[in-house]
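Here is a short briefing to read beside the model. Keep the sequence and the 3D view open as you go.

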Amino acid sequence: MGAGIAHVFLAAGGSVVLAEAGAERAEAARAAVAASVGKAEDRGKLPDGTTAAALLERLAVVPDLADLPADAELAVEAVPEDIALKRGVLSRVARACPEAVLASNTSSLSIGTLAEGLPGERVVGMHFFNPVPVQALVELVHHAGLPAGVLATVRGWAEALGKTVIEVRDSPGFATSRLGVAVGLEAIRMVEEGVASPEDIDTGMRLGYAWPMGPLRLTDLVGLDVRLSIAEHLERELGPRFTPPALLREKVARGELGRKSGQGFFAW
């Protein structure tokens with residue numbers, strides 16, 4: 001998702017510095033952003049008069065968080081849903097960028113917990129949706145220590161990307177993951193119980209409820225391992241209604257992680 005987030009800031013006219021862990025990963029990240037903006041150019045989805053080459057001139061890639069510019073206004077982390085990993089990244093970014101708003105792209109972890117030991121008045125949840133250049137929503141998550149002025153500033157940045165913003169109080173799963181995971185887990189239980197096939201469950205939700213994508217194909221897109229991790233977190237925080245189905249655990253154990261592995265509830 002980091003490549004997609006970089007893409008939308010570039011398309012909105014921003015200058016972006018993308019940090020990765022090491023030179024090889026940094027070049028892979030540059031290639032991912034280039035592929036994303038190139039695809040958008042091919043589809044006529046870049047702003048009028050803008051080319052992919054022009055956007056990429058405003059992209060810098062660095063191999064270490066310590067190389068981020070000290071005058072950055074906003075830093076968005078997009079590492080996996082591991083609270084220790086995210087806190088470590090945000091701590092290093094806070095030292096490298098002493099004035100930046102520190103935004104987490106987490107889909108479920110507590111922003112207040114992430115802010116512990118950091119300048120909490122600069123920590124906010126900025127939850128993008130995949131694929132970032134296509135999805136219209138940004139979920140802003142505020143904790144008790146976040147000043148209203150900082151939240152308003154981040155909202156303005158998100159809206160400048162052309163996104164619609166919702167604001168949610170810091171709580172497990174926020175609004176979107178809490179509801180989305182609940183439906184997704186129930187859909188998996190229905191497959192497990194033989195109620196209907198994945199194709200028919202998804203078709204029912206698309207045509208019956210006007211969902212743009214069914215809950216099982218969305219699970220494949222998000223990643224079954226990611227969905228399992230979020231469900232386990234919500235189970236700890238909110239109780240057994242978020243207990244992951246055995247089928248989800250089995251598919252993750254087999255490496256059937258969805259689109260990224262080529263097989264989930266569907267073949268990709």
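Predicted model: local features only at pLDDT ≥ 70, side-chain atom pairs only at ≥ 80, totals over all residues.

The protein chain divides into domain 1 (1-169) and domain 2 (175-261).

**Domains and their interface**

- The centres of domain 1 and domain 2, taken over C-alpha atoms, are 26 Å apart.
- On the domain 1 side, 12 residues make contact with seven residues of domain 2.
- How much area is buried between domain 1 and domain 2? The figure is about 700 Å², and carbon and sulfur atoms give 55% of it.
- Three residues stand out on the domain 1 side: Ser107, Ser108 and Asn130 supply 47% of the area that domain 1 buries against domain 2.
- As background, the size of an interface is often given as the accessible area lost when the parts come together.

**Helix α7 against helix α11**

- Two packed helices are described by the angle between their axes and the distance between the axes.
- From α7, the contact uses Leu185, Ile188, Val191 and Glu192. From α11, Ala246, Leu247 and Leu248 take part.
- By class, this contact of α7 with α11 has six nonpolar residues, one charged residue and no polar ones.

**Helix α9 against helix α10**

- Pro215, Thr219, Asp220 and Val222 make the contact from α9. Leu224, Val226 and Arg227 make it from α10.
- The residues of the contact of α9 with α10 divide into four nonpolar, one polar and two charged.

**Backbone exceptions**

- Most residues other than glycine have a negative phi, and most peptide bonds are trans.
- The peptide bond from Asn130 to Pro131 is cis, with omega near 0°. Pro131 lies in the loop between β5 (123-127) and β6 (137-142).
- Phe174 is not a glycine, yet has a positive phi of about 55°. Phe174 sits in the loop between β7 (164-169) and α7.
- Is Phe174 buried or exposed? Phe174 counts as buried because its relative accessibility is 3%, and the cut-off for buried is under 20%.
- Ala210 also has a positive phi, of about 60°, although it is not a glycine. The loop between α8 (198-209) and α9 holds Ala210.
- Ala210 counts as exposed, at 63% relative accessibility. The cut-off for exposed is over 50%.

**A loop residue: Ala66**

- Ala66 is in the loop between β2 (59-62) and β3 (74-77).
- Its relative accessible area is 56%, so Ala66 is exposed.
- Which residues does Ala66 touch, not counting those up to four places away in sequence? They are Arg92 and Ala96.
- Ala66 and Arg92 are 26 residues apart in sequence. In space they are 7.1 Å apart, C-alpha to C-alpha.

Terms used: Residues numbered from 1 in each chain as written. Heavy atoms only, no water. Helix = DSSP H or I, 4+ residues; strand = E, 2+ residues; numbered from the N terminus. Buried < 20%, exposed > 50% of the residue type's maximum accessible area, 1.4 Å probe, protein only. Contact = heavy atoms within 4.5 Å. Nonpolar A, V, L, I, M, F, W, Y, C, P; charged D, E, K, R; others polar. Domains from an automatic or database assignment. Buried area = accessible area lost by both parts, 1.4 Å probe.
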